[in-house]
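Keep the picture open as you read.

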Amino acid sequence: MTDAYRLEASGRTRALNGVRERHDGDYVLYWMTATRRLVWNHALDRAIEHAERLGKPLLVFEPLNVTYRWASERLHRAILDGMVEHESGLARVGVGYFPYVEPERGAGRGLLRALAARACVVVTDDSPVFFTPELLAAAARLEVCRVEAVDSCGLLPLSRADRTFVTAFQFRRFLQRTLPDVLGDAPAAAPLTTAHLKPFTGLPPSTTERWPAALPDRLVAERGLAHLPIDHSVAATNWRGGYSAARAALRRFIECGLDRYSSERNDPDANVTSGLSAWLHFGHLSAHEVFDEVTRAEGWTPLRLSSRTDGSRRGWWGMSEGAEGFLDQLVTWRELGFANAVREPALERYETLPAWARSTLEVHASDRREYVYTLEQFTAAETHDELWNAAQRQLAREGTIHNYLRMLWGKKVLEWTDHPRVALDIMIELNNRYALDGRDPNSYSGIGWILGRFDRGWPERSVYGKVRSMSSAATRRKVRVEEYLRRYGGGAGD
DNA sequence: ATCGGCTCGCGCAA
DNA sequence: TGCGCGAAGCCGAT
């Protein structure tokens, strides 16, 4: 195996077409779609490797289209925050950067093809997230040069999860056997500081005239997003996308949240959750970097890994209780979501739920519901239950719901709709529209869990059947909700 | 406050 | 074939 194809041995790189690389191209093109970061990124490593080997400049093409469902000021702003950083970060090291913000539907058509026409090789992000599979299909249709997809989604290469896993327990056992092999396969922490690249000298006017590059900082600071054909009712929040905000949040969590993580994470007031999921979703932050920070804080080495592979959560890593609890989220549950998304690309389909859950839900589909609400009523937080309404208001305003309350939020949608199919549609619509970390495999895991996915049977009850139920009354006893209700209660809020 | 029962699918030991 | 086990629950008994 030659050095050029070294990464393929790890199962993260795959060729999307059978075309050869071109030696007379102008540059190596990295089409950045899902892994939107300049650090800890296998795809960027791969693109740099090609550029160095071929002695060509590197061009990073990062588009933001308006044609995707749920495009809104909130989601656009998050991605633009990252693009602003990429613009300055790449200019410093002589790497070309083409940030393209599509001004109207279809305006970006043909741009990828035009850029690829002058490329030696095209590298893009491999990912099952949201519409990335459609982009990969488009990349595969490029016939001008070799096109590769590189998976930088998580600690486990997507290609390694070759079975369907029904429970986290089962998947954890698989990880306990598999991860030790792949933990050394981390992307470079700062690849651009050591790269030896020919400086990028610019694109031909024929390209930049037809598709003017966006200036993300100006879009954010001056023009705003008002002129774009996106959902303006879902406003940007105070949350900032991009690597530097992610990095700051990661440091804060490692220093202040990790040791209290397992004991206080269900308390909405304690504020010890990591809050990293949206950055992970947009690709602004790498699970590898998060893992690396946790291991440093714990003074951990792989020698501390337990030799047991029984699927048990306790004592797997040989870290503190807080770190083990957090890694179960970051590694077990996040990787399970991705593995599941690869096996089942249409997780929004009711039929993908486990058979036992569907059959028990069907038996109880005709049970009388105490309340039934429409999507419009849920959207407007107009149920009889102030705790539910508060959770929905937090989602609409801030793009997130507190960990524990989001479970209650979903269980009540199941309880207050005529059929679990309707509940699934409503949860997906609200979550994908408002949540910063929506449209992600992990969102679908969470929503699926509401309807029984990755869970087991429980005593049979009305409407829920054998699917686990939750009640607002029990939640009020278990979780301190007073402050939460004050913040997100009816009337004016911040 | 704490405990057991309820309930499902899977892997593993036998 | 039986046993143990599991993302966060609920209910009733003690």
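The expected span of a helix is 1.5 Å times one less than its number of residues. Helices here are DSSP runs of H or I with at least four residues, strands are runs of E with at least two, and both are numbered from the N terminus. Before using that, note that this is a predicted model, where local features need pLDDT of at least 70, side-chain atom pairs count only at pLDDT 80 or more, and totals for chains, interfaces and linings use all residues. Residues are numbered from 1 along each chain as its sequence is written, chains are lettered from A and ligands numbered from 1 in the order in which they are written, and side-chain values use heavy atoms, leaving out hydrogens and water.

**One helix**

Now look at α16, residues 386–398. Its 13 residues reach 18 Å from the first C-alpha to the last, close to the 18 Å expected at 1.5 Å a residue. At its start, a side-chain oxygen of Asp385 comes within 2.9 Å of the backbone nitrogen of Leu387. Just after the helix, Gly399 takes a positive phi of about 80°.

Several α16 residues are buried, including Leu387, Trp388 and Leu395. Buried means under 20% relative accessible area, exposed means over 50%, and partly exposed is in between (1.4 Å probe, protein chains only). What do the buried residues of α16 pack against? Their partners include α2, α17 and α18, with contact meaning heavy atoms within 4.5 Å.

**Aromatic rings**

Rings of Phe, Tyr and Trp (its six-membered ring) pair if their centres lie within 6.5 Å; planes under 30 degrees apart count as stacked, over 60 as edge-to-face and the rest as tilted. The whole structure has 28 aromatic pairs. Here are two of them:

| Pair | Centre to centre | Between the planes |
|---|---|---|
| Tyr68 and Phe130 | 6.0 Å | 90°, edge-to-face |
| Trp300 and Trp317 | 6.0 Å | 65°, edge-to-face |

Tyr68 and Phe130 sit 62 residues apart in the chain. Tyr68 is buried at 12% relative accessible area, while Phe130 is partly exposed at 27%. Trp300 and Trp317 are both buried.

**The whole chain**

Zooming out, chain A comes to 21 helices and six strands. Of its 494 residues, 57% count as buried. Along its principal axes, the C-alpha trace of chain A spans about 70 × 55 × 40 Å.

Technical notes:
A polar contact is a pair of N or O atoms within 3.5 Å; within protein, one must be able to donate a hydrogen and the other to accept it, and residues adjacent in sequence count only if both atoms are side-chain atoms.
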